[in-house]
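Have the coordinates open as you read.

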Amino acid sequence: MKIIVNLLIVFILILNVTEACDRPKQGNNIEILQSALCNDDGISIRYCDNTQVEQGCSDCENCTTISREETQPWEYGVNDTCDTTHYIKQGSSRCTLKPPMRLSSKLSVATQNTLAIYVDANFDKSVAPTYETMKTLSTYIYKYFNDSFDFLFIVSNNVEIPDAIHYYGIFYPVQNSIKGIGKAIYDYTEYYGSNGKLQGMMHFPYRAGINNGPTLHELLHNWANSLISTGMGGHWNYTGFFAETSSGAKGQIGGFDASTFQDEGDGKYSAAGFGPFANGGNSLPYNDVELYLMGLIGLDEVGDVMLSSNPEYHSYSNGRKYFTADSVVRWQFPALIDELGVGDREPSSQDSQKSFRVLTLLVGNTVPTEEEIEEVNRYMNKFTLNAEDSESYFYNFYEATGGRATLKANSLKSFIK
Ligand SMILES: [Zn+2]
């Protein structure tokens, strides 16, 4: 088994050595590797495991032991045209990603420092991981990383959602200590291997889920919805919202824009097209009530809410969704909080957490390609940018919160135990 895994994690590099090699920057073990790379007219290197390197051969029978520390980054010669923090030069023009930093036979950290990579020949990325699998992964993460993360993103290394997985994303609640949002107080951190920091864990069955969504949606499940009983667990269903503070009325977890609402008579109502579960992945920001539950705006800042009693889908035409309900009632939000009797949010928006950190784990049964690692890294950089990004269609976390909160993923190596 170990041999199979080791073979899977082999990396092959072909170097053109007409470029001058600089002296190695680190200790003797690196120097051994460096000199091997520079002495011949092109040499292929296979890594057999953490401590061995094989030169110029196609199998792993003749590995030369080197004194590399398990947690030491793979480090190569500096050249003059590649960004040497993340790349080495391959051939005369191409920059190639450095191999990830190895932490164990299964776990490594991508050189770009925004994601970890988990490779296990037995991992089936075509099916949804079970609760037990998620706990195994998180426990494994904490074997090598400090307990510094609010959230864990588990991303199966797929280009599309496999047929056997019936969701875009799923949220595993780990801990809640916030009062006034309708959630119970609970702490399951020890089951996940966290010492008390972790709040929630998410699985996304394909890589693009980080960029396209539902990353914003699943993150929001850390806070919502347990406030309003909507007839659809965790989501807004046929609840309507006015946008006072936020740039959007429709919610990340469903609901309609109340400014488009119409009473059609005879217990029939309509609003501009919307989804009871979701409204388009990361293509919309959080609405007022969502920002309130996240602790990012105050009670008095939230726009009015329309509550539907026993809503049922009726029909859809000309961009409008028609539904029936026993009643649809407009509430001022502070009055609704009074009515629900959940009390003030504690901590308030003044004292709440505004900065979060996520660890992203790309998981699969084979080593991800350079392109796959770069793709996830690009998504993570964009989603966690502490500013507006250049793309207008999808919102990153900063944009979705109106700049009120940030999510960090960078410098992952600095959190290694
Ligand atoms: Zn959801």
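Is S411 buried or exposed? S411 is exposed, with 10 other C-beta atoms within 10 Å. Here a residue is buried if 20 or more other C-beta atoms lie within 10 Å of its own, exposed if 12 or fewer, and partly exposed in between, with C-beta atoms placed from the backbone.

Two notes before going further. This is a predicted model, in which local features need pLDDT of at least 70 and side-chain atom pairs count only at pLDDT 80 or more, while totals for chains, interfaces and linings use all residues. Residues are numbered from 1 along each chain as its sequence is written.

Most residues other than glycine have a negative phi, and most peptide bonds are trans.

| Site | Feature | Value |
|---|---|---|
| G213 and P214 | cis peptide bond | omega about 20° |
| A224 to N225 | cis peptide bond | omega near -10° |
| N237 | positive phi | about 55° |
| S411 | positive phi | about 55° |

P214 sits in the loop between α5 (209-212) and α6 (215-220). N237 counts as buried, with 23 C-beta neighbours inside 10 Å. S411 lies in the segment after β24 (406-408). Helices (H or I, at least four residues) and strands (E, at least two) are DSSP runs, numbered from the N terminus.

Helix α3 (residues 131-144) has 14 residues and reaches 21 Å from first C-alpha to last, close to the expected 20 Å; the expected span is 1.5 Å times one less than the number of residues. Its buried residues are L137, S138, I141 and Y142. They cover an arc of only 135° around the axis, which puts them on the same side of α3. On the face turned away from that buried side are the exposed residues E132 and K143. The cover over the buried residues of α3 includes β9 (115-119) and β10 (151-156).

In α9 (residues 370-383), the buried residues are I373, V376, N377, Y379, M380 and F383. Their arc is only 160° around the axis, so they share the same side of α9. The arc is that of the directions from the helix axis to the C-beta atoms.

Methods:
Contact = placed C-beta atoms within 7 Å.
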